[in-house]
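Student: Could we go through this structure together? I would like to begin with its strands.

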Amino acid sequence: MTAEPHLVTPHFDGERLVLEQRHDTDAVRYAFPGTATPPGPPHALSLDEALHARIWPVGTAETVLRAWAEGAGPVETVELDDPAAVPPVRVRAGAIVIRDGRMLVIRFQEPDEDGPYFEITGVRAGSLRG
């Protein structure tokens with residue numbers, strides 16, 4: 001069973017997108033009405049202003065602004081898409097270094113586990129047992 005998507009209805013006043021103005025510690029940002037608590041005062045932005053504004057949620061803003069900028073007209077409803085609500089995926093770089101037929105690895109052993117363990121340099125998420 002999947003959850004029903006939460007839909008947002010962007011509101012336009014003529015040629016301006018109406019958003020709720022929010023004040024962060026360092027800047028002003030905007031939110032689609034009904035997506036932030038407590039609600040902020042309404043503020044209408046032109047396309048040029050909206051393209052350079054900090055609008056939350058980012059995924060929803062991209063969908064609305066892309067359609068508007070490409071001349072598709074105002075989007076009636078769009079799914080609430082907030083990438084910040086998804087747990088981050090840890091991504092790390094790694095390298096395999098081979099010289100003279102030997103591979104560079106990091107050898108370690110956890111105190112309460114079997115071992116030793118070997119990791120490719122730069123990789124921490126998964127280790128290679130040896």
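**Strands, core and surface**

Tutor: Val105 stands opposite Ile120 in S11. This is a predicted model, in which local features need pLDDT of at least 70, side-chain atom pairs count only at pLDDT 80 or more, and totals for chains, interfaces and linings use all residues. Residues are numbered from 1 along each chain as its sequence is written, and side-chain values use heavy atoms, with hydrogens and water left out.

Student: In what sense do S10 and S11 pair?

Tutor: Strand S10 (residues 105-108) and S11 pair in the antiparallel sense over four bridges. Strands here are DSSP runs (E, at least two residues), and helices are runs of H or I with at least four, numbered from the N terminus; pairing requires at least two DSSP bridges.

Student: Which residues of S11 are on the covered face?

Tutor: In S11 (residues 117-120), Tyr117 and Glu119 form the covered face, whereas Phe118 and Ile120 form the uncovered one. In a regular strand the side chains alternate between the two faces of the sheet.

Student: Changing topic: which residues touch the most other members of the largest nonpolar core?

Tutor: They are Leu17, Leu19, Phe32 and Ile55, in a core of 16 residues. Such a core is a set of buried Ala, Val, Leu, Ile, Met, Phe, Trp, Tyr and Cys residues joined through side-chain atoms within 4.5 Å; buried means under 20% relative accessible area, exposed over 50%, and partly exposed in between (1.4 Å probe, protein chains only).

Student: Which element gives the most to this core?

Tutor: H2 does, with five residues.
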